[in-house]
Amino acid sequence: MTGETTVRTAVRIHGRSAQRKALRALLDRLPTRGGRLLLTGEPGLGRTTLLQWAARSFRAGPVLHLGPGRGPGPDGAPVTDGQLLDTLRAAAGETPLLVCVDDAHLWDAPARTALARAAEHLGTVGRVGLLLSVASDRAVAPEFARLPVVRLDPLAPPRAAALLDDMTDGAAAPDVREQLLTEAEGNPGLLAALVRRLSPAELRGHRPLSSSPLADAAALVEAAGGRPTDPSAQERDLLLAVAAAVRASDGPDVDAGLVRDALRCLRPAPGPGPCPEPLPAQLALADDRLRFHSPLVRRTVYATAAPDRRRAVHRALADVLENGGQRLPGLLHRSWSLSGPAPVPAQADRLAAVAADGTVPAPHRLRATAYARAAELTADGAGRAERYTAAAEQALLAGCPERARPLLAAARECAAPVAVRGRAELVRGLVELRDGPVGDAHQSLLLAASLLAADAPADAATAALAAADAAWAAGDLPACLASLGPEPPRPLRGAGSLEPHRHTAARPTAAHTASAVRDHRVGMRALLEGRLDRAGAPLGQVVERGRTEDRPEPLLRSAAAALLLGDMDAARGAGARALAAARQLGSDALEPQALEYLAYAELRAGRHPQARTHAEEGLRTALRAGQRNTAAHHRAVLALAASIEEDPDVVARHVTAALDTARRHGLAQAATLAQWAAARADLGRGRPFDAADRLGLLVLPGPGRGHFAVWRLAVPCFVEAAVLAGRQEDAREVLTDFAGWAAFGADPQAGAQLARCHALLAPPDHADDLYRRALTRHDEAGGDFERARTALLYGKWLRRRRRPREARGRLGAALAGFERCGAGVWAAQARAELRALGAAPHATGAGTPTRLSRLTPQQLRIARYVAEGATNREIALTLAVSTRTVDYHLRKVFAALGVRSRLELARVVGQAEQAQEARRVAGHQEKTGAQP
């Protein structure tokens, strides 16, 4: 260590845009009325920084800072609520006043009561804003329970990385950077404290770290705002027991019974009961599970405990767990009860053997912890590297790439044979494939394939196929073909994914796996080389094998093959079964991928609401699993689903987020889908010139053409936009390739879309037949949205040919189709065309033009659920949104329909649906000539 600092003294705020927006809203309304806000978060998350930002940003009046010992009373202490209100009124005078109270939880009980009552009566004071800060490392004081809350969570990995780069001017070496980010767990205060304890040479990787920054209790104490203080040894043991038990748990909470039994073992002599009453303020108890309010405080309790007491607690936990038959967590606690840093080979071997035993029930996260601890206790460099690599593999399967990276860095520091180095590169490549630059992933996976070729050919084949996946994501067709290789790969455990290594209870035969992979490879290669006639049979075999599988990896391969063949029913079936299998195995890493295939299959089938539901869940699971690349693909699907609706801001938000990751990580496929979504939104809103410009970059030949497997899907949109923009020659240029795609049959809608494109470009004497042919093919393929688009274009064409009666029928059908699939922006086009004909824009779909047609598709869905008697929470769970989102839309529904209660809304919906049914019956009678 040196006296030179490694942290910049001032850095900008990262990742708090939502919180600053809420604070800004409070500041903006103070010139006209008062307000109050409670800012809460665990120590180190930046509550004080945000309060200071709010104070600096307030320009409309004075700012008053209050805190323990700095109240408005004559002795500097807070006074009664009446005196406090009088003081605030006097301080405000004729101008707005912002009052900032940091760490309000440190005030004594009477002062907190006075502060809370003052907050409730701000309306009598005038234009006063009260901004409080409370630490959530313990239960929030009940006095503040009624205040509106803004919560601070740990920073997301990209935001934490940006903060670290800002603190250090980007000087941290990659391995040091990953270790710091992993150990800080998104806590800015802890991140700064850890960095401060490194010398510049350590930060830049020029000198090895003397010890793990995690072992530095001083950094944790600094970030937590001081050492935890507890009045009794009994409470200290309870806090330590919970903190220690979490280390071998799969989550932030632990069984209260385990803790009670361990404390009885720890303190067998007569005396007070094992658990004090009431519980310490740092703990919460729910459903007989104990957890800390703050992860940082939990880590501080553990790090600051006396080493002897820590080992005693681990021994007690090991005794209880082993007596209860829980071998793996029991062995882990036994290993942590050892004294001294010296390797213990026998303990390491036992721990690694149980971690590898597939008959021992344990989640991937716990196996990762066990392998890592076994590596720490292993003296041999090769064995240590192998166990660190196995730990990283399990962390990846658990959906924790941030844990896998430092484990791989530890493995790299050990002397290891070629096969172990190859296995580590395979895991590293798969981590980057899901959460890093895919070009880097491709190179790591190619290196893994070469290192594993001699000793582990199955793993080498896995690495080669994963390298092809990386090249596919990057849109690099030559690299994808090169990665597949000229010969069928040897047997492997699954392309582009890891199966549980060395602890799978039942494994398929090598011949079965080799056959499935060979078919997949042959079909893929034929498809990529343009030999469409030779791709169908082998890919069909992959799909068929998936119908009898129950493992997620081959099911995902089956879903991927079905998507390539255009068999959306098979893709949805395989994707749904893969999702169920991944959840059953507890593989958080595979859930987002299964949801990605499901969302994409629904999108290709034209079922946009279902696609959105799967993509929303997929986005949540991908972000939870640290898979930014998968999250970008889900955002692109969400953008495509939203592009047919009426809110352009939603499309823009998803497109921007998808492109942000896609451009940084080289994700050509996600970028193409996102850009297509933006262009389709332009086209739906009557901006064909903008749409043609965007889509031309994707579909016209040239170096900037979109992803090789996606751009053809956007051709029909481009042709429509180009014709409307007067670029007929550009439209004709892409139809030859699209005709070949349609002939292959991989897209069930392509034949109908091709006929529609030809109709748009045809002279009047041919267009009529082409539109009719397109509609016939849509009837064969199914899908409301694409058929409605063709009917809309045909109706427009008929209206301009002065054939109003035929046009009215086509446009009415288009409107009904758009309403049925929630395509509000396209439904608006159909209504405009019907109005131009002088016809009332009724449809046989949802709603009436005078009431429910005012609602967006999401608002209409919520209105119908309310009419059925669902609560806001039930609606939120059904639509996979927050209750706050439901509240927001419901307020818009009430305003749009002019209703004041849920009962009145139910009446409006019921009347509209009765009218819809009457119109449907009348239309059927008119069509068939039946009598009422």
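**Reading burial and packing**

Reply: Let us begin with a single residue in this predicted model: Q347 has its place in helix 15, which spans residues 345-356.

Me: Is Q347 buried or exposed?

Reply: A residue counts as buried when its relative accessible area is under 20%. Q347, with a relative accessible area of 5%, is therefore buried.

Me: Which residues is Q347 in contact with, leaving aside its neighbours within four places in sequence?

Reply: With those neighbours set aside, Q347 is in contact with L331, R334, S335, L338 and L377.

Me: How should I read burial along a whole helix, and how many of the ten residues of helix 33 are buried?

Reply: An α-helix has 3.6 residues a turn, so residues three or four places apart point the same way. In helix 33 (residues 715-724), nine of the ten residues are buried, so this helix is largely enclosed by the rest of the structure. The buried residues are V715, P716, C717, F718, V719, E720, A721, A722 and V723, and helix 33 is followed by G726, whose phi is positive, near 80 degrees.

Me: Which residues touch the most other members of the largest nonpolar core?

Reply: That core has 181 residues, of which W676, V699, V719, F818 and W826 touch the most other members. Its largest share, eleven residues, comes from helix 21 (residues 457-474). A second, separate core has 29 residues, including L240, A243, V246 and L258.

Me: What does F818 touch, not counting residues up to four places away in sequence?

Reply: On that count F818 touches F785, A788, R789, L792, A823, W826, A827 and A830.

How values were computed:
Residues are numbered from 1 along each chain as its sequence is written. This is a predicted model: local features need pLDDT of at least 70, side-chain atom pairs count only at pLDDT 80 or more; totals for chains, interfaces and linings use all residues. Side-chain values use heavy atoms; hydrogens and water are left out. A nonpolar core is a set of buried Ala, Val, Leu, Ile, Met, Phe, Trp, Tyr and Cys residues joined through side-chain atoms within 4.5 Å. Buried means under 20% relative accessible area, exposed over 50%, partly exposed in between (1.4 Å probe, protein chains only). Helices (H or I, at least four residues) and strands (E, at least two) are DSSP runs, numbered from the N terminus. Contact means heavy atoms within 4.5 Å.
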